[in-house]
Amino acid sequence: MGTSTEAIGPIVVVGAGAAGLMAAIFAAQGGARVILLERTPDGGRKILISGGGRCNVLPSRLNASQYITESSPNTLRKMLGSWPLAEQRSFFESELSLELTMEPETGKLFPVSNKARDVRDGLVQKAVAADVEVRTSTQVTGMRPARASPAGWEVQLKDAPMIPAAAVIIATGGLSVPLTGSDGIGLRIARELGHSINTTYPALTPLTAQPAVHAPLAGISLPVHLQAPLDRGAFATEGGFLFTHRGYSGPAVLDISHLAVRAQLNNGDQPILVQWTDLDAAGWDEELKAGGAGTVASIVRRRLPDRLAEALIDEAGVDPARNLTQLRKDERLRLVEALARYPLPWTGDEGYKKAEVTGGGVALGEVDPKSLESRIQPGLFLCGEVLDAFGPIGGYNFAWAWATGRAAGRGAAAHLQTRSST
């Protein structure tokens, strides 16, 4: 004869961010009693600040090869593919009544309202409607298996009684943007419970330069192509680039920043080369050769903001007033390098304070790719940023959070049903 799910305890979800809210919704829809614990007064704070307060809910296309992990790419592919992009979009539009629209120039999907709060509040309301018990301002300090208890798990809280649980879902996020409530507690707990944690580091974070040689260019933004030469091949990305008072930001910089951060962790260097326009070196060489009676400054300014054009010409050691017909070969080659293969003079990064995500995390091979249940601790499920995977800017990390949160919620509910029937 089986035991009722009430007798063996609820599913406890730790963290009411993107992955945690989705996990709670699907665990409850699977028939489980669910308690969602959140240390902040409201939850979902990364949702609220994403996309400049608009929330880039999803990308318009999804490819697992765009994600970074030190674990098995095949395992990552299985986890991400568990909830196809079209079905994710349908959930938001049909289940949450949040119409999404694509931003043509970026391919990003935003709510028509352009309000991130609508996304966060829609998820919270969906959870509450599914009878999820949401407890905010509740800090988890640890958890442990309680094999002798019918529940199976004990979740320790700060200044509150322990909660017995039939299963626990860790959806605490990583270490990025600590002002949103991320403090790494999930990573610490996973390690204490025997999981391997691949080296963590700030990812999708702005780069800095000391001295800030380009501070006078702060505020200039433009689309660029970036390339980072590697031991095998190269990493390339393109998109927005922004000069800041401390260094460099924008989607293209954030997407390539993990290579710079990891190089520094290993006491190495990582060249990053900038192609400032769609013209590559050969294209600029031809343009400068065929420039006719124009000056160096006039032809470069046609394609670049004036202040940036002036700075690059100056760094190349070329007279901006020089007529192109009088440009020496060595000057032309220096200018081509500055315009198409410019070595970005970064020296550091902004760290977790401004990182969009945490690189590294719980090794994917220690989690069942279908249910997201720990292979080390039965009844423990992990999802979202705490896992060793992240994608580029553009809704990819929300897609990861939604997919893994759903899988963990469904997996925990199935675990509960199995326990109650035995």
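A residue is called buried under 20% relative accessible area, exposed over 50% and partly exposed in between, with a 1.4 Å probe and protein chains only. The model is predicted, so local features need pLDDT of at least 70 and side-chain atom pairs count only at pLDDT 80 or more, while totals for chains, interfaces and linings use all residues. Residues are numbered from 1 along each chain as its sequence is written, and side-chain values use heavy atoms, leaving out hydrogens and water.

Phe 243 counts as buried because its relative accessibility is 2%. Trp 276 is likewise buried, at 2%. Rings of Phe, Tyr and Trp (its six-membered ring) pair when their centres lie within 6.5 Å; planes under 30 degrees apart are stacked, over 60 edge-to-face and the rest tilted. The model holds 15 aromatic pairs by this rule. Phe 243 and Trp 276 form a stacked one, with 5.8 Å between centres and 15 degrees between planes. One aromatic cluster comprises Phe 26, Trp 83, Phe 91, Phe 92, Phe 398 and Trp 402.

Charges also sit over rings (NZ of Lys or CZ of Arg within 6 Å of the ring centre and within 35 degrees of the ring normal):

| Charged residue | Ring | Distance to ring centre |
|---|---|---|
| Arg 54 | Phe 110 | 3.7 Å |
| Arg 406 | Phe 26 | 5.6 Å |

A nonpolar core joins buried Ala, Val, Leu, Ile, Met, Phe, Trp, Tyr and Cys residues through side-chain atoms within 4.5 Å. The largest has 84 residues, and Ile 11, Phe 92, Leu 123 and Trp 402 have the most contacts inside it. A second, separate core of 45 residues includes Val 253 and Ala 260.
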